[in-house]
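Here's a quick tour of one protein chain, stop by stop.

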Amino acid sequence: EIEVGVTIVEKEFELDNGQTKPFRGVVVAANENKYHVVYEDGDEGGIDAEDIRELVKNDLSAEEAAAVRTEVAKYRRQKRAATSAAVTPEPPEKKRKEKSSKTAGSGEATSATPRPRNLNLNFDAWEKDMLDWLLNVPHGKNHKTCSQDNAQQVIRQARKLLSGQGVPYKNWPEGVAFAKNESITLDGTNFDSLYERAKIFQKKYGEDKGHGWLLLHPIHKMKLYQEHRASQQRGEW
């Protein structure tokens, strides 16, 4: 039986160097077809109901299982706190009731990510197009497509960068976020430069345990997607 808040899974993820590494996580939400998992390094993603049983980790000691759950709970508390702190009230004349959004396939309500600062950017269009590219168009030095979970992680981080929200991390000081309040666009940003800045930023505040999935991997994917768009001679977003 899969229990929300209790069941631990272990799943292989591709790293920037092309190798794979197992990460453990806790099932935190479920709906009819998918389970939402938060991993001990702070990453999160969905797992289809038909696939999750083979990923369940039942051979951990009580201490190991407790350590995973504690780390995941810590990350979720920090994420909720960061989300609350990032909420900026709208002017009274524009005040309106917002509907909560759901993380794709997670069944768990989250605060809506701020829309990108670039007013010409069609937020829904770029997300759908980039996700389709990640999943279906071979790219990168290994000429491969992304898994669903990897693609979702890239999209999550891209949203934060494009919105000007910036990318926070549980192991960094409170209020610290990479590229916060910067105007980053899919067409105009030099992602090579952004990548190097991210490396320097992490040396200052601490490397992420996901070995690149926090910043470096998503930024590299954004660069490759930018090149793909240029090769297709598409209009600006």
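First, a word you'll need: a residue is called buried if its relative accessible area is under 20%, and exposed if that figure is over 50%. By that cut-off, Phe178 and Phe201 are both buried. Keep in mind that this is a predicted model. We'll start with a helix, move on to ring pairs, and finish with a pair of strands.

**Helix 5, end to end**

- Helix 5 covers residues 191–205, which makes 15 residues. From first C-alpha to last it reaches 20 Å, close to the 21 Å expected at 1.5 Å a residue.

- Which residues of helix 5 are buried? They're Phe191, Leu194, Ala198, Phe201 and Gln202.
- Look down the axis of helix 5 and these buried residues fall within an arc of 95 degrees, so they line one face of the helix.
- Here's a handy rule: an α-helix has 3.6 residues a turn, so residues three or four places apart point the same way.
- What do the buried residues of helix 5 pack against? Their partners are strand 8 (177–178) and helix 6 (216–231).
- Turned away from that buried side, the helix 5 face carries the exposed residues Ile200, Lys203 and Lys204.

**Aromatic rings**

- Searching the whole structure turns up six aromatic pairs.
- One of them is Trp133 with Tyr225, a tilted pair at 5.5 Å centre to centre, with 55 degrees between the planes.
- That pair links distant parts of the chain: Trp133 is in helix 3 (residues 123–136) and Tyr225 is in helix 6, 92 residues apart. Trp133 and Tyr225 are both buried.
- Phe178 and Phe201 pair up edge-to-face, at 5.2 Å centre to centre and 70 degrees between the planes.
- Phe178 belongs to strand 8 and Phe201 to helix 5, so their pair ties together parts that are 23 residues apart in sequence.
- Ring pairs also join Tyr169, Trp172, Phe178, Phe201 and Tyr205 into a cluster.

**A hairpin of two strands**

- Strand 2 (residues 20–30) and strand 3 (residues 34–39) pair in the antiparallel sense, with five bridges.
- The two strands form a hairpin, and three residues lie between strand 2 and strand 3.
- Which residue of strand 3 does Val27 stand opposite? That's Val37.

Definitions and conventions:
Residues numbered from 1 in each chain as written. Predicted model: local features only at pLDDT ≥ 70, side-chain atom pairs only at ≥ 80, totals over all residues. Heavy atoms only, no water. Pairing = 2+ DSSP bridges. Helix = DSSP H or I, 4+ residues; strand = E, 2+ residues; numbered from the N terminus. Expected span 1.5 Å × (residues − 1). Buried < 20%, exposed > 50% of the residue type's maximum accessible area, 1.4 Å probe, protein only. Arc of directions from axis to C-beta. Contact = heavy atoms within 4.5 Å. Phe/Tyr/Trp six-rings, centres within 6.5 Å; stacked < 30°, edge-to-face > 60°.
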